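I opened this entry to keep a record of what I looked up, topic by topic.

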Amino acid sequence: MGMSASADSISPRIYGGTSAAGSPGVAAVAIFDGSSWSKSCSAVVWKPRVLLTAAHCVTVEGSATRVPRLAIFPPGAAAVQYSNTGPQGASPANAIGIWTPSAYVHASTRVEPNDFAVLLLDQDLGPSMYSRLATSAEMTRWAANLYPGSIMGYGLKSPTERDVLPLQASVPIDTYDPKSVYGPVFSVSQDATVGVCSGDSGGPTYASNPAGENLVLGVNSGSAGGCVAGFVGSYLMVGFSAIDYLDLVNQALTG
């Protein structure tokens with residue numbers, strides 16, 4: 001499924017999209033690495049107190065160790081962050097539980113297997129726009145039909161352009177492979193006009209079924225193209241499917 005192409009960068013911002021300002025389905029996460037607030041990710045607001053994101057967003061690079069601190073912005077709100085003073089206007093909610101697959105290691109800046117995390121908060125962040133997780137059967141069917149999905153995130157708009165509000169875009173669901181060597185992955189097709197960039201990691205891919213329900217496929221993890229200057233190759237975004245990490249999600253729901 002072209003995973004090697006997707007491994008050019010694990011930090012996928014949506015380019016060529018439209019505003020998702022105020023959306024209840026996505027939140028920005030500011031990351032303190034021990035010395036500065038130099039990194040950020042996106043997250044799926046799955047339940048008022050449960051977020052889904054990428055494991056590399058909550059893990060120190062080169063290890064399986066948790067990052068020292070996270071700050072979470074209100075869903076759809078402006079996410080202003082300075083490396084020295086940190087997030088401006090973050091939510092008072094704190095992550096009191098973080099679950100990642102036992103085998104996950106943030107070994108490099110490439111896509112690593114099982115790049116999926118669940119966060120439990122100490123207070124509600126906001127209402128969810130999602131009805132449930134997409135089932136394996138639904139994802140298999142959608143990938144076969146190139147069904148339209150939606151991506152959201154707080155990353156870059158181009159290799160050099162950043163905004164503080166989230167963007168969203170419609171993209172076709174391309175593949176779903178729950179038994180790949182990387183773990184349960186899905187991909188969406190992107191091109192030079194639309195896709196994800198640095199900062200979109202951990203953001204949602206979701207789809208609306210014929211009943212009008214919004215179903216979460218999973219979290220965006222890595223991207224090739226789009227925000228890589230002079231990129232030549234196959235444009236692709238790879239994510240990890242939430243339904244296949246139900247044990248982690250259920251631990252947070254129990255909490």
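My notes below go from the sheet to the cores, then to the salt bridges and the backbone.

I worked from a predicted model, in which local features need pLDDT of at least 70 and side-chain atom pairs count only at pLDDT 80 or more, while totals for chains, interfaces and linings use all residues. Residues are numbered from 1 along each chain as its sequence is written, and side-chain values use heavy atoms, with hydrogens and water left out.

**Sheet**

I looked up the strand order first, taking helices (H or I, at least four residues) and strands (E, at least two) as DSSP runs numbered from the N terminus, and counting two strands as paired if DSSP finds at least two bridges between them. I found an open sheet of 6 strands in the order β5-β2-β3-β4-β9-β8, with antiparallel pairing. Because β5 (69-72) and β8 (95-99) stand at the edges with a single partner strand each, one side of each is left without a neighbour in the sheet. I noted a twist that averages 35° from one strand to the next; for angles, axes are lines fitted to C-alpha atoms, for helices over the stretch in contact, and the values run from 0 to 180 degrees between N-to-C directions.

Contact here means heavy atoms within 4.5 Å.

**Cores**

I used a nonpolar core as a set of buried Ala, Val, Leu, Ile, Met, Phe, Trp, Tyr and Cys residues joined through side-chain atoms within 4.5 Å, with buried meaning under 20% relative accessible area, exposed over 50%, and partly exposed in between (1.4 Å probe, protein chains only). Which members of the largest nonpolar core touch the most other members? Of its 32 residues, they are W46, L52, F116, V118, Y130 and V216. I saw that β2 (26-32), β3, β4, β9, β17 (214-224), β18 (236-241) and α3 each supply at least two residues of this core. Leaving out residues up to four places away in sequence, I listed the contacts of L52, including W46, F116, V118, V216 and V249. Another core, of 20 residues, lies apart from the largest one and has I31, C57, V58 and L121 among them.

**Salt bridges**

I counted 4 salt bridges in the structure, each a side-chain nitrogen of Lys or Arg within 4 Å of a carboxyl oxygen of Asp or Glu. E61 and K39 meet in one of them at 3.9 Å, N to O; E61 lies in the loop between β4 and β5 and K39 in strand β3, so the pair ties together parts that are 22 residues apart in sequence.

R132, E138 and E213 are linked in a network of salt bridges: the N to O distance is 2.8 Å for E138 and R132 and 4.0 Å for R132 and E213. R132 lies in strand β10 (residues 132-133) and E213 in the loop between β16 (204-208) and β17, so this pair ties together parts that are 81 residues apart in sequence. I noted E138 as buried at 10%, whereas R132 is partly exposed at 28%.

**Backbone**

L146 has a phi of about 50° and is partly exposed at 47%.
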